[in-house]
Amino acid sequence: MKNILSTLPSPCWLLEEEKLQKNLQLISDIKQQSGAKVLLALKGYALWKSFPLIKPYLDGCCASGLYEAKLADETFSKEVHTYSPAFKEEEIKEIAKISHHLVFNSPAQFHTFAAMAKTINPKLSLGLRVNPEYSESPKEIYNPCGLYSRLGTTLQNIDETVLEDCDGLHFHALCEQDSSALENVLQNFEEKFGSYIPQMKWINFGGGHHITRKGYDTQKLIQLIKDFKKRYEVEVYLEPGEAVGWETGPLITTVLDIVHNGMDIAILDSSAEAHMPDTIIMPYRAEVRDAGEAGEKKHTYRLAGNTCLAGDIMGDYSFEVPLKIGDKVIFEDQMHYTMVKATTFNGVKLPSIAIKRINGTVEMLREFGYEDFKNRLS
């Protein structure tokens with residue numbers, strides 16, 4: 001790894017194909033044993049240069065709108081399932097052409113666009129997202145079933161005339177959770193919408209299934225899916241994004257300066273705000289290679305980003321050996337929900353993207369420069 005670090009620009013995301021393949025094999029085993037279909041959620045992982053490795057294991061992609069649907073159609077070339085909280089009239093025609101499933105968020109959107117979409121693509125399978133009004137989401141910001149949620153139609157707001165033209169129901173209520181949480185969500189989903197399921201061709205269980213996390217109860221998931229399919233004789237879909245990219249590679253950064261103000265602060269050539277926003281939004285603490293909690297090891301530093309935002313801080317970490325300018329700081333598990341959210345805030349350069357292939361070679365995929373910053377602004 002030291003040799004690899006010396007050849008890569010900084011900052012840089014480094015996907016490790018061997019780790020990705022391990023995740024895919026586990027997901028494929030679950031597919032085979034449960035009979036479910038599995039889609040890659042592009043909102044969580046969209047490194048499309050890695051799709052040739054992913055495609056043989058999964059059934060397609062789920063998209064959140066036109067651009068993700070186009071990316072799935074152009075680079076994955078399998079099933080495309082598109083859902084959005086609200087579709088725009090000027091985009092729905094193109095979305096309908098390239099999608100296999102089109103899921104509406106409300107009866108009003110269904111009434112507005114379903115007939116048009118079906119005329120454009122008669123093979124299109126139409127669905128409605130429903131809200132089971134139950135979730136065990138660890139953070140309210142990621143709770144799609146929370147109070148006043150706009151995501152999905154509640155039972156109280158179901159328009160049964162829509163269901164006459166509906167092939168499937170979609171729900172999403174999980175966030176980095178185990179199959180026990182899915183079991184409870186399913187119970188609430190069936191209690192509320194069970195009478196409609198027999199007339200459906202498919203049910204989409206959404207995302208948030210932390211399938212590839214150590215300790216996840218995969219056998220429970222398999223049994224839940226098998227039992228559900230047996231009860232209702234429908235196709236079941238899962239939409240993992242994070243689980244595909246889970247622990248498949250780091251973000252590599254470099255120490256630019258070390259200042260002292262009550263404690264030692266290492267300023268990096270990256271940014272929590274621009275490159276790892278969930279460390280601030282969720283918030284969560286990213287793991288740093290060879291580091292511990294503050295005070296756990298001999299030398300403690302606050303790791304901070306190189307922007308003007310006072311709160312651009314990754315956290316406090318300790319190291320056995322003092323950091324020095326030029327040292328690499330490696331943030332683990334940065335393939336999912338990072339590059340899809342990254343920005344050029346403050347003109348900070350976007351991290352480069354590289355892949356460590358299964359054979360051990362490293363391929364640089366993309367380096368970003370001034371034109372990438374300039375062209376998105378006007």
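Q: Which residues in α2 meet α9?
A: This is a predicted model, in which local features need pLDDT of at least 70, side-chain atom pairs count only at pLDDT 80 or more, and totals for chains, interfaces and linings use all residues. Residues are numbered from 1 along each chain as its sequence is written, and side-chain values use heavy atoms, with hydrogens and water left out. Leu26, Ile30, Gln33 and Ser34 in α2 meet Thr218, Gln219, Leu221, Ile222, Ile225, Lys226 and Lys229 in α9, where contact means heavy atoms within 4.5 Å. Helices are DSSP runs (H or I, at least four residues), numbered from the N terminus.

Q: And by class?
A: The contact of α2 with α9 has five nonpolar, four polar and two charged residues. Nonpolar covers Ala, Val, Leu, Ile, Met, Phe, Trp, Tyr, Cys and Pro, charged covers Asp, Glu, Lys and Arg, and the others, Gly among them, are polar.

Q: Changing topic, how many disulfides does the structure hold?
A: The structure holds zero disulfides, a disulfide being a pair of cysteine sulfur atoms within 2.5 Å. For cysteine 62, the nearest cysteine sulfur, that of cysteine 61, is 7.5 Å away.

Q: Is cysteine 166 buried or exposed?
A: Cysteine 166 counts as buried, at 4% relative accessibility; buried means under 20% relative accessible area, exposed over 50%, and partly exposed in between (1.4 Å probe, protein chains only).

Technical notes:
Helix = DSSP H or I, 4+ residues; strand = E, 2+ residues; numbered from the N terminus.
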